[in-house]
Amino acid sequence: MANATTPAPGTGADRPGPRAGHGLPGRLADDVPRANMRRLLEYAAPHKGVLIAGGVLAFAGGLAGLAQPVAAKFVIDTLAAGGSLLVPLAGLTLLVLVGAALSAAGHYVMERVAQRVVLTARRGLVERLLRLRVAEVDRLKPGDLMSRVTADTTLLRSVATTSLTDAVSGALLIVGTVIVMVFMDAVLLGVTAGVLAGIAVLVLLILPRIRDAILASQDAVGEMGSVLERAFGAFRTIKASGAEDGEIRRLDGAAHRAYRRGVDVAGWEALAGTASSLALQIAFLSVLGVGGARVAAGELEVSSMIAFLLLLFYLMGPLGSLIGAATQLQSGLAAVHRIDEVATLPAEEPGTGAPAPATAAAGPAAVSFRDVEFRYGDDRPTVHHGVSFDVPPGGLTAVVGPSGAGKTTLFSLIERFYPATAGRIELDGTDVADWPLVALRAGIGYVEQDAPVLDGTLRENLLMAAPAATEDELAAVVARTRLTELVQRLPDGLDTQIGHRGITLSGGERQRVAIARALLRRPRLLLLDEATSQLDAANETALKETMLDAAATTTVMVVAHRLSTVTSAQRIVVLEAGRVRAVGTHAELVRDDELYRDLATTQLLVAPA
Ligand SMILES: Nc1ncnc2c1ncn2[C@@H]1O[C@H](COP(=O)(O)OP(=O)(O)OP(=O)(O)O)[C@@H](O)[C@H]1O
């Protein structure tokens with residue numbers, strides 16, 4: 001179960017987490033405690049009943065195997081006595097089949113639990129990752145996060161089940177053997193215990209090194225994920241820049257680091273394995289020496305010494321499986337550490353993924369900025385220095401200003417991607433910080449500057465923010481955003497796959513798909529960050545019409561990069577270096593504001609003729 005300090009697998013409370021762990025590469029946070037066995041057991045605990053059942057089944061299968069030689073003897077005896085073989089053979093066959101079935105069932109049950117453990121860990125991670133705060137994701141590497149969901153969780157598979165059961169059965173058998181040894185001879189047991197304590201110390205010294213090496217190796221795998229994600233995120237640029245070799249070298253470096261740490265693990269494991277068998281040999285020789293002397297002195301029977309030596313040989317199996325399990329558990333501990341690091345990252349309040357409630361009935365929203373100050377981090381420069389302006393409900397409000405003035409950041413603050421450092425941002429008179437996050441975002445449609453379109457069909461992309469929208473609503477939005485012609489042109493209409501990042505669409509089409517998606521959510525406030533790229537005349541007109549159409553029923557705020565947008569806007573907010581410089585209509589600002597005049601004549605894009 002979750003507690004105040006350690007989130008249970010699969011949960012994610014909304015609480016602040018540690019800041020970036022810049023100390024080590026691959027570390028998300030410096031102060032995540034090392035995962036211990038208790039933490040690892042939490043993954044297996046929900047399945048302990050099934051685990052025990054699986055263990056019992058496998059054990060029963062083993063017993064059936066043990067009974068086979070006895071049954072075989074019976075078959076041979078029957079044969080020698082000239083009796084019928086039918087019954088004993090049928091019995092032996094049944095025993096073989098039952099043994100095999102029990103072993104298979106035991107194996108299946110354990111493997112099912114193993115898969116379940118992985119599923120639970122993945123669900124918990126995915127849930128947490130998609131609820132992370134935007135500021136956290138800004139500083140993290142998605143490729144590394146992906147490797148935690150895929151590669152690290154896989155390490156939990158055998159660890160949380162077979163390693164645990166091997167460790168338990170190995171330990172039980174060792175304890176049982178030692179108890180039998182007590183009855184044989186206390187002195188020889190003392191000799192054996194001394195040697196075994198020696199291996200235990202050595203192995204305990206080695207285990208943390210194995211865990212650290214596996215952790216470093218998994219970090220390197222995460223780094224490979226980051227480099228790959230970086231490379232595929234800018235694939236054309238990398239090709240065009242001839243930078244393939246550099247990226248391959250980066251990947252190779254990370255792969256080599258993983259290899260080196262893997263070799264380290266192999267070395268430590270070999271040392272632990274050799275130490276245990278060597279220790280048993282030493283124990284054997286010591287028992288032979290001490291036992292021989294005691295037999296000679298008449299203090300011990302020869303048969304007891306022989307039995308003791310046989311017990312020592314028997315110990316090899318369980319000791320080997322205990323040490324094997326202990327070393328394997330280290331990969332689980334390393335994996336749990338990397339998974340726990342994600343669990344400690346600060347998440348938004350839960351429930352942000354709930355379907356949008358229908359809010360259109362509430363009408364267009366009003367927005368106010370009151371002395372808003374903002375910076376992205378304590379070590380970052382201030383972006384907004386006391387920004388104040390009002391946007392009444394409905395109509396089109398454009399925000400213009402030089403690059404880096406803080407225009408896009410205004411939208412991020414309204415969406416509460418980041419909290420304002422000081423001042424208030426109000427939606428309908430209520431501070432956005434006081435709105436339930438789901439309700440706040442449900443009322444807002446947001447179209448980013450690069451208008452992300454996701455892999456999938458056009459329909460999936462449009463319905464993403466409003467899965468319950470009807471066919472009629474979909475058709476109406478397609479028409480409003482002037483996408484009808486595109487839909488007719490596509491081979492499968494709305495069900496056409498539009499590729500990774502909507503690669504098969506033009507920039508203008510992507511922008512309108514993103515607007516359609518936002519409008520389908522029936523927002524009370526539409527935030528539109530215009531693309532800075534030049535569009536052809538048809539797309540430019542289509543975009544402008546779409547925007548004005550939306551502004552008739554919704555409050556539209558647009559970060560404007562086009563002259564046609566600002567001339568259509570009811571009011572324009574001019575932002576300069578994080579301060580509101582002027583507010584007015586295009587005509588007023590051209591007349592009164594030098595910066596605006598300069599922007600309008602030199603920087604805003606003019607529609608092609
Ligand atoms: N996620 C971020 N983390 C840190 N700093 C950021 C982040 N996003 C933007 N900035 C910085 O904040 C400042 C304002 O950025 P913003 O994107 O709001 O400007 P803008 O006016 O929209 O610029 P443009 O017109 O070029 O898009 C810039 O100096 C930018 O470098």
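1. The axes of α6 (residues 186-233) and α8 (residues 244-296) cross at roughly 175° and come within 8 Å. Axes here are lines fitted to C-alpha atoms, for helices over the stretch in contact, with angles from 0 to 180 degrees between N-to-C directions. The residues of this contact split into 33 nonpolar, seven polar and nine charged. Nonpolar covers Ala, Val, Leu, Ile, Met, Phe, Trp, Tyr, Cys and Pro; charged covers Asp, Glu, Lys and Arg; the others, Gly among them, are polar.

2. A word on provenance: this is a predicted model, where local features need pLDDT of at least 70, side-chain atom pairs count only at pLDDT 80 or more, and totals for chains, interfaces and linings use all residues. Residues are numbered from 1 along each chain as its sequence is written. Helices (H or I, at least four residues) and strands (E, at least two) are DSSP runs, numbered from the N terminus.

3. Next, α3 (residues 86-130) packs against α9 (residues 302-343) at about 30°, with the axes 9 Å apart. That makes the α3 and α9 pair roughly parallel. The α3/α9 crossing is left-handed, meaning the near helix is turned anticlockwise from the far one by less than a right angle (clockwise would be right-handed). From α3, Ala121, Leu125, Arg128 and Leu129 meet Ile339, Val342 and Ala343 of α9, contact being C-beta atoms, placed from the backbone, within 7 Å. By class that is six nonpolar, no polar and one charged.

4. Further along, α15 (residues 507-520) and α16 (residues 537-551) have axes that come within 10 Å and cross at roughly 15°. They are therefore roughly parallel to each other, and their crossing is left-handed. Gly508, Gln511, Arg512, Ile515 and Leu519 of α15 make the contact with Asn539, Ala542, Leu543, Thr546 and Ala550 of α16. This set has five nonpolar, four polar and one charged.

5. Now the ligand. Around it sit Asp138, Tyr376, Arg380, Val383, Gly401, Ser403, Gly404, Ala405, Gly406, Lys407, Thr408 and Thr409, taking residues whose C-beta atom, placed from the backbone, lies within 6 Å. Helix α10 (residues 407-414) gives the most to this shell, with three residues. The shell has three nonpolar, six polar and three charged residues.

6. Finally, the record: an unreviewed UniProt entry lists "transmembrane region" at residues 49-67, 79-102, 155-180, 186-207, 270-293 and 305-325. Such annotations may be inferred rather than shown by experiment. In the model, residues 186-207 are 100% helix and 0% strand, with end C-alpha atoms 30 Å apart. Residues 305-325 are also 100% helix and 0% strand, with 30 Å between the end C-alpha atoms.

Terms used: Parallel < 35°, antiparallel > 145°, perpendicular 65-115°, else oblique. Contact = placed C-beta atoms within 7 Å.
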